[in-house]
Amino acid sequence: MKRIFLLSVLALASASAALAQGSNDYHQWDIYGGYSLGRMESNLDAASFTSGGGTQTFTNLCSAATGQEIGPNSQKFFCTRRNFNGVEGSVTRNVSKYVGLQGDVSGHFKSESFVDVFNPPGAKQTLANDERLWQFLGGIQIKNNRRDARVKPFARALVGFARYTNTQRQTIDTFPQFNFTIEDRETSLALKLGGGLDVRISKRVDIRVVQIDYNPVFAGDRNPKSVSGPFSTVHFNGRTANNFTIGFGIVIH
């Protein structure tokens, strides 16, 4: 009996040592921070503006006819993919050598004005936008987390929500009665599907050479939270913004 007891204790000790060794040969945590460039689309599909003179609806914001009405430069806000500067950070708890649970926060920012001159009567229109896109996502990351790995490609899939805000101001120098301010706020489902490449430079530090994600944001229909100017109501029809992000930074273990 004593011999069996000793063998059991030895077996448990060996198993514990093996488990400890297995968990120590890969990094338990990845903490990332870096720069992120967003290639962003407008999340608007159509817009309606109601004033004392009735309702004007733009169902095709990217048509030539709409461009003539709102100005070809202002139309770029709705119809071109634009660069947003931003930051991104994530924390990953690696539950095995190859799988980690990740939480990710990012913010992208853009302040831009579009100027059009209408002839006649020579009116100068300025459409100024101050945009913010914050995202809070979670999911999984697949990567070789071994401590001795030098080059570490990874893939990830995240889901969560995005918070978009934009303060839009239109000013027309010769027709101030048409000046307005719209404050747009929208919270939407968002995804990030992508990956990148980390390279080890020391025991606890990696350089994230590149991180690329497809980042769709599924915006819905809404009314701006506050409107000043000639419009009594404004309604926006939302659409999916098929965004992309690319970034680089530092990973600490």
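**Core, rings and strands in a predicted model**

Me: In the largest nonpolar core, which has 24 residues, Phe-49, Phe-78, Ile-182, Val-234 and Phe-236 touch the most other members. What makes such a set a nonpolar core?

Reply: The term denotes buried Ala, Val, Leu, Ile, Met, Phe, Trp, Tyr and Cys residues joined through side-chain atoms within 4.5 Å; buried means under 20% relative accessible area, exposed over 50%, and partly exposed in between (1.4 Å probe, protein chains only). At least two residues of this core come from each of E2, helix H3 (72-79), strand E6 (123-143), strand E7 (151-172), strand E8 (180-200) and E11. Helices (H or I, at least four residues) and strands (E, at least two) are DSSP runs, numbered from the N terminus.

Me: How do you know how far the model can be trusted?

Reply: The mean pLDDT of the chain is 90, and 91% of the residues score at least 70; pLDDT is the predictor's confidence in each residue, from 0 to 100. Residues 4-21, in contrast, have a pLDDT below 50, and this stretch has zero contacts in the model beyond near neighbours in sequence. A contact requires heavy atoms within 4.5 Å. The model is predicted, and local features need pLDDT of at least 70, side-chain atom pairs count only at pLDDT 80 or more, and totals for chains, interfaces and linings use all residues. Residues are numbered from 1 along each chain as its sequence is written, and side-chain values use heavy atoms, with hydrogens and water left out.

Me: Why is the pair Phe-77 and Phe-78 called edge-to-face?

Reply: The structure holds ten aromatic pairs. In the pair of Phe-77 and Phe-78, the ring centres are 5.0 Å apart and the planes stand at 90 degrees, so the pair is edge-to-face. Rings of Phe, Tyr and Trp (its six-membered ring) pair if their centres lie within 6.5 Å, with planes under 30 degrees apart stacked, over 60 edge-to-face and the rest tilted. Phe-77 and Phe-78 are both buried. Elsewhere, ring pairs join Phe-49, Phe-58, Phe-180 and Phe-231 into a cluster.

Me: What makes Arg-208 a charge over the face of Tyr-32?

Reply: Arg-208 is at 4.4 Å from the ring centre of Tyr-32 and lies over its face. The criterion asks for NZ of Lys or CZ of Arg within 6 Å of the ring centre and within 35 degrees of the ring normal.

Me: Why is Val-205 called partly exposed?

Reply: Its relative accessible area is 23%, which lies between the limits for buried and exposed, so Val-205 is partly exposed. Val-205 lies in strand E9 (residues 205-218). Arg-146, in the loop between E6 and E7, also counts as partly exposed, at 26% relative accessibility.

Me: How do you know that E7 and E8 pair?

Reply: Two strands pair if DSSP finds at least two bridges between them, and E7 and E8 have 20 in the antiparallel sense. One of the bridge partners is Glu-186 in E8, for Tyr-164. E8 and E9 pair antiparallel over ten bridges and form a hairpin with four residues between them. E2 (residues 44-51) and E11 also run antiparallel, joined by six bridges, and Leu-44 stands opposite Gly-238 in E11.
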